[in-house]
Amino acid sequence: MELRPWNAGQKLNGASQEVEQLFKTHFKGLHAYAYIILRDSHLAEEIVQEVFVKLCERASGINIQTSLESYLYRSVYNESLNHQKHEKVKARYRTMMSRKQEIAEQQAIGGDYPALETRLRLALGELPQQCRTVFLMSRFEELKYREIADRMGISVKTVENQMGKALRILRHKLKGFLLLAIFLLTNILKP
Amino acid sequence: MRVKEMSDRERDRLLVKHLLGEASPEESEKIQQWIATQSSHRQYADEFQRIWVESRRLAPAEPVDPAAAWQRFLESGRLTARSARTRTVKLNFLVAKPWSAIAAAIILVAAGTYTWWKLDVQTAPLTWQSGAAIRIDTLPDGSRVTLNKFSSVELPGGKTSRAVKLSGEAFFEVTHDTHHPFTVQVNDVTIRDVGTGFNVRSTNGTTEIIVETGAVLVTAGSDAVKATAGEKVLVTAGGAKITRTPVSNRLYQYYRTKSFLCRKTPLSELITALNEAYGTHIVVQNEAINRLQITATFDNEDLDSILAVITRTFGLNIQKKGGSIILKP
């Protein structure tokens, strides 16, 4: 297995081509990841920007143990959660009424369906780090196992195992909701 | 049955591979066999598929264009806003590559040492100069020098020398070395220390030496005067006259200690010190005010609060006129 430790000094000359390449390659996956947590495309984009700004800023101060990709995913995750935490603090100041309204709206849109989505989102966040990154790359960047392995500096076999693990954990966490989802989906698909 | 031997971990690995079309024909066949054996297996596989399908829906609905996103990132100015900071970060590259840093350091030191000897820096003159701020330096022999504003000391004999040339004002704390006396040259006056802290000040050719600790030998022309702690030596321009008097005040210390120490000090002396320290032009309306004696310590205080104390103590008034501050009854 060939690890690809990231050499800090390499990539960070401002808006260099390397940063551009890095950004363009990973934007879709990272954006999707932030979006999963935050449910706001614009905000998700800002989170990705923030991660890249910090990456360039701290260039040499970052100790990246695994791969740059893992680092990026981890950063987006942390950055998103930080934002969410902040939002939660703000939310406390909102009135009870408006919160109730929100919940009512949510229920009106899709019955119980958003509950599964929320559950899935939460469950994704609870996956182990590497497991989650592999899953997200596969799911949202639609990368082949081989590509994921190359990017993360791990073996294809590890990718296979991590994917199996991801689905196993997710299934375990969503047990009760899955039946409902299957039911809803079949209903939606019917004309 | 072969299928049953499969571990959960192996099963999940193959199931997902199959689901994503990553499995080889043999692997697909193997997992399909497993699915076919029981309805609960079928359901298990279905649930995996649901999760896979459902999780897709978590992604943003609208298509994402990385190139456009990059463009927006550039236009946001967030990347360029930190370019100024990047410059300092770059220095840290060496830290990230310790070996190259060490190698570079060794080469630099070696090259530097060689050049240093080559140029005979041992005897090259050294100069320390202050600008608008007080400056404290340690000379090569370990002696410390506090330079008042716009002053300088020079070691014409290089780093092994202990013969200093001064212009302006400085306070010396000399590292004692019996075999190598420390001397200060200023306005044709030579001050030779005997393990000492002393202040030397040169204004318009006049040299004033105040000894704080130890003793010095002041030589001007053919005259020599020895002064000890608490004594002041004044040498007029050209060394025509040397006088030794007790130190009347410690105001001379202000640039070093940031405090004005007055012990029955005539106001005129404090005003002179203030004018120098703050670059002001404080004047008195009549001589009587000059002779007023003040006892006070102003520690790190600004001019306005010092003036406030003075006016309150003596019942004086302040008039600001042009660039001048006039003290009057």
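This is a predicted model: local features need pLDDT of at least 70, side-chain atom pairs count only at pLDDT 80 or more; totals for chains, interfaces and linings use all residues.

**Entry 1: a residue in chain A**

I started with A:Ile148, which sits in helix α7 of chain A, residues 145-152.

I checked burial next. A:Ile148 has 0% relative accessibility, so I put it down as buried, the cut-off being under 20%.

Then I listed what touches it, skipping neighbours within four places in sequence. A:Ile148 is in contact with A:Val134, A:Met137, A:Ser138, A:Leu143 and A:Val159. I looked at A:Val134 again: it lies 14 residues from A:Ile148 in sequence, and the C-alpha to C-alpha distance is 6.8 Å.

**Entry 2: a helix pair in chain B**

I moved on to α1(B), residues 8-19, and α2(B), residues 25-37. Their axes come within 9 Å and cross at roughly 110 degrees. That falls in the 65 to 115 range, so I call the two helices roughly perpendicular. The crossing of α1(B) and α2(B) is left-handed.

Who meets whom? From α1(B) I noted B:Glu10, B:Arg11, B:Arg13, B:Leu14, B:Leu15, B:Lys17 and B:His18; from α2(B), B:Glu27, B:Ser28, B:Lys30, B:Ile31, B:Gln32, B:Trp34 and B:Ile35. I sorted the residues of this contact into five nonpolar, three polar and six charged.

**Entry 3: α1(B) by itself**

I ran a length check. With twelve residues at 1.5 Å a residue, α1(B) should span 16 Å, and its end C-alpha atoms are 16 Å apart, which agrees.

Its buried residues are B:Arg11, B:Asp12, B:Arg13, B:Leu14, B:Leu15, B:Val16 and B:Lys17. Just after α1(B), I found B:Gly21 with a positive phi of about 70 degrees.

Definitions and conventions: Residues are numbered from 1 along each chain as its sequence is written. Chains are lettered from A and ligands numbered from 1 in the order in which they are written. Side-chain values use heavy atoms; hydrogens and water are left out. Helices (H or I, at least four residues) and strands (E, at least two) are DSSP runs, numbered from the N terminus. Buried means under 20% relative accessible area, exposed over 50%, partly exposed in between (1.4 Å probe, protein chains only). Contact means heavy atoms within 4.5 Å. Axes are lines fitted to C-alpha atoms, for helices over the stretch in contact, and angles run from 0 to 180 degrees between N-to-C directions. Angles under 35 degrees count as roughly parallel, over 145 as roughly antiparallel, 65 to 115 as roughly perpendicular and the rest as oblique. A crossing is left-handed if the near helix is turned anticlockwise from the far one by less than a right angle, and right-handed if clockwise. Ala, Val, Leu, Ile, Met, Phe, Trp, Tyr, Cys and Pro count as nonpolar, Asp, Glu, Lys and Arg as charged, and the others, Gly among them, as polar. The expected span of a helix is 1.5 Å times one less than its number of residues.
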